[in-house]
Amino acid sequence: MGTRYTYLERRSGDLHVVVEWDSSESGIYPAGPRRLVIELTRPVPAGITAETMRRAVRHLGDMTDEFNEVLTVGGHATMVRQYVEERLATLPPDGDAYHRGLLAIVDDLVSRGESSPENVLANAMRVPLETMNACLKVARQRLGRESA
């Protein structure tokens, strides 16, 4: 029987990460991949930066856990955070479109039954909850969605 290969991949914003395992590593636990590809999917002036590598490492860890069938506590929270990170990566850097995008993410999380969308967004953006609440307040004011 020949060598079998397993490929997993993740995309987020401008990043595409591919990992490959082969069957010869099946006796090792947890097995890491034999091949790792980190690719920028659109032109980025700075190229692959330390922040790009941090994002790639998160994807690598998730895929390694998936390959090794590791059950993680908080798996749902991790998936939601990654989903929000991917949405955030597509937002423009500032302006009304940015604020509209933030509010759309909150609305999306609420529609999916997320009980604390502000916390999820703060975690994904790696900012304190107070900062996120202030940012959302500004977004609502700029777009005329201020609640009474």
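**Exercise 1.** Is the crossing of α3 and α4 left-handed or right-handed? Describe also how the two helices are oriented and which residues join them.

*Solution.* The model is a predicted one, and the geometry comes before the handedness. Helix α3 spans residues 95-111 and helix α4 spans residues 117-125, and the two pack at an angle of about 125° with their axes 9 Å apart. Because angles from 65 to 115 degrees count as roughly perpendicular and those over 145 as roughly antiparallel, α3 and α4 are therefore classed as oblique to each other. Their crossing is right-handed. On the α3 side the contact is made by Y98, L102, I105, V106, L109 and V110, and on the α4 side by P117, V120, L121 and M125. Sorted by class, the residues of this contact are ten nonpolar, with no polar and no charged ones.

**Exercise 2.** Work out how α4 is placed against α5, and which classes of residue make up their contact.

*Solution.* Helix α5 covers residues 129-142, and its axis comes within 9 Å of that of α4, the two crossing at roughly 110°. That angle makes α4 roughly perpendicular to α5. The residues that meet are E118, N119, L121, A122 and M125 in α4 and L129, M132, N133, L136 and R140 in α5. By class, this contact of α4 with α5 holds six nonpolar, two polar and two charged residues.

**Exercise 3.** Determine the orientation and the handedness of the pair α3 and α5, and then list the contact.

*Solution.* The axes of α3 and α5 come within 9 Å and cross at roughly 115°, which makes α3 roughly perpendicular to α5. The crossing of α3 and α5 is left-handed. From α3, the residues G95, D96, Y98, H99, L102, L103 and V106 take part, and they meet C135, L136, V138, A139, R140 and R142 of α5. The contact of α3 with α5 divides into eight nonpolar, two polar and three charged residues.

**Exercise 4.** Characterise the largest pocket by its space, its lining and the elements that contribute to that lining.

*Solution.* Begin with the volume: about 490 Å³ of space lies in the largest pocket. Its lining consists of 20 residues, and those nearest the centre of the pocket are E51, R55, E85, L88 and A89. The elements that give two or more residues to this lining are α1 (50-67), α2 (75-89) and α4. Finally, the lining of the largest pocket is made up, by class, of eight nonpolar, three polar and nine charged residues.

Terms used:
Residues are numbered from 1 along each chain as its sequence is written. This is a predicted model: local features need pLDDT of at least 70, side-chain atom pairs count only at pLDDT 80 or more; totals for chains, interfaces and linings use all residues. Side-chain values use heavy atoms; hydrogens and water are left out. Axes are lines fitted to C-alpha atoms, for helices over the stretch in contact, and angles run from 0 to 180 degrees between N-to-C directions. Helices (H or I, at least four residues) and strands (E, at least two) are DSSP runs, numbered from the N terminus. Angles under 35 degrees count as roughly parallel, over 145 as roughly antiparallel, 65 to 115 as roughly perpendicular and the rest as oblique. A crossing is left-handed if the near helix is turned anticlockwise from the far one by less than a right angle, and right-handed if clockwise. Contact means heavy atoms within 4.5 Å. Ala, Val, Leu, Ile, Met, Phe, Trp, Tyr, Cys and Pro count as nonpolar, Asp, Glu, Lys and Arg as charged, and the others, Gly among them, as polar. On a 1 Å grid over the protein atoms alone, a cavity is a set of points where a 1.4 Å probe fits but cannot get out, and a pocket is an open set with protein on both sides within 12 Å along at least five of seven lines; lining residues have an atom within 4 Å of a point. Grid points are joined across faces, edges and corners, and a volume is the space filled by probe spheres set on the points.
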